[in-house]
Amino acid sequence: MILVIDALNRHRFGSVLDDMYKLRARVFKDRMGWDVKVRNGREFDLFDDLDPAYLVALDDDYQVVGCNRMLQTTGPHMLADVFQDILCGEPPLRSATVWENTRFCIDTDRIKRKNDGRSVSYTACELMAGIAEYAYDSGISDVISVVDPAMDRILKRSDNAPCDYIGKTVQMGKTKALAALSDITEERINRIRAFAGITGNIFADENTVAEALAARGKGPDLSPDLTDYCDQQISDARTEKEREAALALQRTLRSAFSTQPNCDA
Amino acid sequence: MIKPTNLVDIASTPGRQRDYVAHLKTLCDSLGVEHATYFSANPISGTMHGFTTYPDAWKAHYVSEGLQTHDPTLSSAARSVAPVDWKRLDRNDAFGRVFRDANDFGLPNQGVTVPIRGLFGEIGLLCACATMSSNEWTKLRRDITGDLLSNAVHLHDTVMNSDPLLRALRQPNLSSREIEILQWVAAGKSQQDVGDILSISPRTVEVHLRSTREKLCTISTAQAVGRAVSLGIIQPG
């Protein structure tokens, strides 16, 4: 299922965002070797401070198995400010109906390890369908995605081939990066869904997820008020130091309120 | 098929004669909504810009009660990437405060706010609302969201460009590809032709032209050609 997190609801999903930053560190730093800043095992940059929208793929246990980040191309975004190499120094596209999709990745290790029948391909398609459907519902007609060649192959294999590429493919860390342009249409959404056999609504209900997370054992000992407070503190942290302090506070509160030994393996 | 955009021109009217409220009224009629509001703050001077089709009595009440400091259709929606249907806003005290009063004035409680993030990180907001059944509203909002986005960026850029300092800072920055495509269009080539000539998909040509129109603050490609010629970016066709 796909959970949309943005500035309006991020205070409810601090732990999901934290897991997402860890996934991004494993993928973009460890696997791809991109020049991204990782602090305390979390990849987080200045664009995360600009209230982006994230689409997070969750498995049946509400664990993060994929994510992306959406920004408007009318304002500050990565192709304008960070990925100039891809555009050969040219100014980027600017349109209210074009969004930029970056930090698009899947947790292949977790999905393979878990082996619950959901394949990497299915999760990728669910996330791609989520991106297309969320954009379509928001009046967006095209999305430009910064991806590595492996993700580009996944797009093509999933009947979700980009209609073109902008700029050129550049070396980035252990892999390459390129900017793919995809029109956002009902036909594209139907193709992705048909390819993966996705039916019905793929978007998670915010309240259901928030309740499930609270009941997951991460916080049964904390009152809802304290859980909310901790999540708010974690999501409001503007620096890594603040984030660490907020997480430490959460741990301390949990152990203080813990009534039984921690059985987490 | 690319849906034609329902875009109402404001930029081609000379600055001093611009009637933003009349513009919003035309926009409401063409999109089938009851009221529209535009709001932004100049990123340098901090000057607020607000125009609305709401009745004067509501405007007076809104200002005298200082509702703009509570209004979630502005403050919450400004932090979103996607357009925000007012259904999504938290039903908190601030929401109650504004919407109870709006209800007393007989104003719609269904609407959408389209946030536009500008070049300098400033935000422009275009709100549209209408009284109708929830199902009808959901359908209408789906149909007009793309148009609202295009109109919002056009209106926002026009308002920002009306400031001489910002206009100087916001010189249109076209890529070589955008200039190349516009030059071929000026020479009378269709989007399909241009795609064939440059070996790119017609969709890519369309996206570049849309970006070009928005950068030049024009609503039609023909206007964009005219503007680019007058700025010396391309040669006359």
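In the predicted model, helix H6 of chain A, spanning residues 186-196, has as its buried residues Arg188(A), Ile189(A), Ile192(A), Arg193(A) and Ala196(A). These residues lie on the same side of H6(A), because the arc that they cover around the axis is only 130 degrees. On the other side of H6(A), the exposed residues include Glu186(A), Glu187(A) and Ala194(A). The cover over the buried residues of H6(A) includes helix H4 (120-137) and strand E9 of chain A, and just after H6(A) a positive phi of about 70 degrees is found at Gly197(A).

Chain A is divided by the domain assignment into domain 1, residues 2-220, and domain 2, residues 222-265, and the centres of these two domains, taken over C-alpha atoms, are separated by 26 Å. Their contact draws on 14 residues of domain 1 and 12 residues of domain 2. On the side of domain 1 that touches domain 2, helix H1 (residues 14-31) of chain A provides the largest share, with four residues, and the residues of that side comprise four nonpolar, five polar and five charged.

The contact between the chains involves 28 residues from chain A and 33 residues from chain B. On the side of chain A that touches chain B, the elements that give two or more residues are strand E5 (64-72) and strand E9 (175-183) of chain A, with E5(A) supplying the largest share, three residues. By residue class, this side of chain A consists of 13 nonpolar, eight polar and seven charged residues.

Terms used: Residues are numbered from 1 along each chain as its sequence is written. Chains are lettered from A and ligands numbered from 1 in the order in which they are written. This is a predicted model: local features need pLDDT of at least 70, side-chain atom pairs count only at pLDDT 80 or more; totals for chains, interfaces and linings use all residues. Two residues are in contact if their C-beta atoms, placed from the backbone, lie within 7 Å. Ala, Val, Leu, Ile, Met, Phe, Trp, Tyr, Cys and Pro count as nonpolar, Asp, Glu, Lys and Arg as charged, and the others, Gly among them, as polar. Domain bounds come from an automatic or database domain assignment. A residue is buried if 20 or more other C-beta atoms lie within 10 Å of its own, exposed if 12 or fewer, and partly exposed in between; C-beta atoms are placed from the backbone. The arc is that of the directions from the helix axis to the C-beta atoms.
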